[in-house]
Structures are given as structure tokens and as C-alpha cells.
Amino acid sequence: MKSLTQRPHCSQPKVKARKFAASVDTKRASFILANQKKWVNGTLIKYFFLEGPESQRKVVRQAFQTWQKLGIGLSFTEVKNIDDAMVRIAFKNDGSWSYVGRDVLAIKKPKATMNFGWSLTEDAYGMTTALHEIGHTIGFEHEHQSPFSGIEWDVPVVYSYFAAPPNKWSKAETDANVLDKLPANTLNGSTWDPKSIMEYQFDPGLVIKPAPYRETGINPPGVLSSNDKKGVKALYPPVKASKMVTLKLNKIAEIKAGSGGQSDFVFTAPATGKYIFETKGELDTVMVIFEKGPKENYYMAGDDDSGLDKNAKIKLPLVKGRKYLINVRVMYAPLDSGGAIEVTSA
């Protein structure tokens, strides 16, 4: 077992900060930022291994199953064709990292969206790493960068610590992965969980406050914490067929979810042809459509209207008698304005 000072840590890839038009006020932008990386409940996240020995792949598969067995509104499956994958996994020697949540959808193929830069089979830290990186893919950021943590760092010591092997980070990399606090308006939680799978291990002497961690360091157990499990279930409650609203052709149905919530609909095509699904009102939404299959639901299309002066709109050819699931994630719902959805023939 390696000592803590020899542990390599996750180093996140940089993404451009989102910019909004002048017409988007601060409150609206804050809600959109807090929800923009969240997947739509009911999504089957398909992953593909770009490379890597079977022993390493096995650990990653087990980690995906650990998250899924919590009974959340996301599921995961390995695919054999890169064109079918949302998540592409590499094992290159450039650190371990993953893009966060729906950011993976913006990464062009065949570039990896997740990487493991050290062995996952040497000891238990391999499974910890796999669970951590999948946590990013689900939509979680580093726990110690929460503005609610109250952590005060011994900055010179932190720089020196992470500049040393095995991380060998520059000051900018240490800032980005440790010292910089995440904007409060991009987070869904308001507490810090030092036991979280998304928390680093930190040696004694790096943290000044909270005082107890100066002497002991921060030592998460390396498994999903109780708060991890509660948090992911709150973020992604399972989609229940019994609560889906049936859409009828040319009939408007209300979107009842508030900011951060989701409304789910089902539509059976009355005839083979093209149909238009469109949201109504002032909501900022992400709308995704799946075809319901016997064993899994197949992604067809999605549209994100958040921060834009338009509504989500999808035009698709559908087959008579087949069922289609329409999931609408509400990014922001003004207090004085509701929303709705309508399906019409094209």
C-alpha cells in the first residue's frame, strides 16, 4: 500500500465557462449553471473502452454497477461501437480525470471523456479512483472545492505538496483542482462531506481550518459515503412509469416541475410519420426523447433551450404503435410563469 504522500490525484480537464446574453438575468443564469451538467433522469449512459487491459476494465465496470445499484434514475451499459457511446474511456499515462456530467456530450469523437492514468488493480485505491471519476461523469465536482467546506489552506505547503511526485502539478493546476472554490451558484448542495467519494485524501499540515483536519488530514474512506448515496438519489430519482403523463396529439400537457426538477411523458404514435415535440412558455429546459424498447430505451434526440429566447423543439419520424418517452428537465422556472409541452404532426 502506498503512503498518502505518494498518492496521485484526479486532475480535471478545463472547459470554457458558459456565457449568457445580456437578456439573461443573474437569477436565471444561476439556476441554469446549477443544473446545466445534470443528465435527464431515465438516461442510459453508454460507455466504450478506447483501450486498456481486461483487468482494468473490470474495475471500471464494477464501479459503474456500484453507482447503478443505488437505484438511481440513470443506468449504464458498455457498448462495442464507439459511435454508440456517450462516454469514452482511456488508460493513458496522463493522470486520472473525467469531464463532468453532460459536458461529455460536447467532446468530439474519438477523444476520451474519461481517463485512468494509474493502475486500478494494485490496491483498493483503484476502485476509489474509478468511483470518483464516474462521479464526475454523473455530474459531481470535487468536494473539497465546495464554497461551503470552510477549508482554509496552508497555500505554500499545498503548492509544494502537489508540485512533488507523483502529481507534479504547476501552481495553476493546483489552483484548478484544489484551491479554487466552485461558484456557489453552480452547485446543488449546501454542505461539505469530508467522507465523500469526491473528496481527496490530504496529508496533515495542508489544512489550517477546520482545526481538526490540520493534525489528522482529510481521510475519506474511499467508498460511496452515506451523503453520496442520498445526494445522487435526490439528484436522480428513478423515473416511474406510473407517474408519466400520456401525451395526446395536438393536446397541450402541463410541465409541472420547478427549477431543477423533471416532468416525464409518454407518447404512442397513432400513425407512421413525422412529429414535432415543442415546449411552451418561459421555462428553460432540456428535452430528450427515447424510443421505448423491450430491454432498454434508445436515445433519439435532445434539445437544450436554456439561456436562449426560444423553446425546446424536436422533429422526428416515428412508427405507428411504438411508445416514445419524453423527459423534460427544467433548468429554470420563473415564479410567475409555467410551461407546457405539445406534440403535433409535421
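Glu278 has Glu342 in strand E16 as its bridge partner. This is a predicted model, in which local features need pLDDT of at least 70 and side-chain atom pairs count only at pLDDT 80 or more, while totals for chains, interfaces and linings use all residues. Residues are numbered from 1 along each chain as its sequence is written, and side-chain values use heavy atoms, with hydrogens and water left out. Helices (H or I, at least four residues) and strands (E, at least two) are DSSP runs, numbered from the N terminus.

Strand E11 (residues 273-281) and E16 (residues 339-345) run antiparallel and are joined by seven bridges. Two strands are said to pair if DSSP finds at least two bridges between them. E11 also pairs with strand E14 (residues 313-318), in the antiparallel sense and over six bridges; here Ile276 has Lys315 in E14 as its bridge partner. Together with strand E9, these strands form an open sheet of four strands in the order E9-E16-E11-E14, with antiparallel pairing. E9 (253-255) and E14 are the edge strands, each pairing on one side only. From one strand to the next, the twist averages 25°. E9 is joined to E16 by three antiparallel bridges, and Ile255 stands opposite Gly339 in E16. In a regular strand, side chains alternate between the two faces of the sheet.

## A hairpin

Strand E12 (residues 284-291) and strand E13 (residues 298-304) run antiparallel and are joined by six bridges. The two strands form a hairpin, with six residues between them. Within this pair, Ile289 has Ala301 in E13 as its bridge partner.

## A five-stranded mixed sheet

Another open sheet has five strands in the order E2-E1-E3-E5-E4, and its pairing is mixed. Strand E2 (75-78) and strand E4 (97-98) stand at the edges with a single partner strand each, so one side of each has no neighbour in the sheet. E4 pairs with strand E5 (residues 114-115) in the antiparallel sense, over two bridges. Ser98 stands opposite Met114 in E5.

Helix H2 (residues 54-68) lies across strand E1 (44-49), E2, strand E3 (87-90) and E5, and runs at about 160° to E2. Axes are lines fitted to C-alpha atoms, for helices over the stretch in contact, and angles run from 0 to 180 degrees between N-to-C directions.

## Helix H2 and its surroundings

H2 packs against helix H3 (residues 125-138) at an angle of about 55°, with the axes 9 Å apart. The two helices are therefore oblique to each other; angles under 35 degrees count as roughly parallel, over 145 as roughly antiparallel, 65 to 115 as roughly perpendicular and the rest as oblique. H2 passes H3 in a right-handed crossing. A crossing is right-handed if the near helix is turned clockwise from the far one by less than a right angle, and left-handed if anticlockwise. The residues of this contact divide into ten nonpolar, four polar and no charged. Ala, Val, Leu, Ile, Met, Phe, Trp, Tyr, Cys and Pro count as nonpolar, Asp, Glu, Lys and Arg as charged, and the others, Gly among them, as polar.

Val60 lies in H2. With 0% relative accessibility, Val60 counts as buried (buried means under 20% relative accessible area, exposed over 50%, and partly exposed in between, with a 1.4 Å probe and protein chains only). Leaving aside neighbours within four places in sequence, the contacts of Val60 (heavy atoms within 4.5 Å) include Phe49, Ile89, Ala130 and Ile134. Val60 and Glu342 are 282 residues apart in sequence and 40 Å apart in space, C-alpha to C-alpha.

## Helices H4 and H5

Helix H4 (residues 155-163) and helix H5 (residues 171-179) pack at about 110°, with axes 10 Å apart. That angle makes H4 roughly perpendicular to H5, and their crossing is right-handed. Val155, Val158, Tyr159 and Phe162 in H4 meet Lys171, Thr174, Asp175, Val178 and Leu179 in H5. By class, this contact has six nonpolar, one polar and two charged residues.

The loop between H4 and H5 holds Pro166, and the peptide bond from Pro165 to Pro166 is cis, with omega near 5°. Lys168 is also in the loop between H4 and H5. Lys168 has a positive phi of about 55° although it is not a glycine, and is exposed, with a relative accessible area of 59%.

A cis peptide bond also joins Lys209 and Pro210, with omega about 0°. Pro210 is placed in the loop between strand E7 (207-209) and helix H6 (212-216). Asn250, found in the loop between strand E8 (245-246) and E9, has a positive phi of about 65° although it is not a glycine. At 47% relative accessibility, Asn250 counts as partly exposed.
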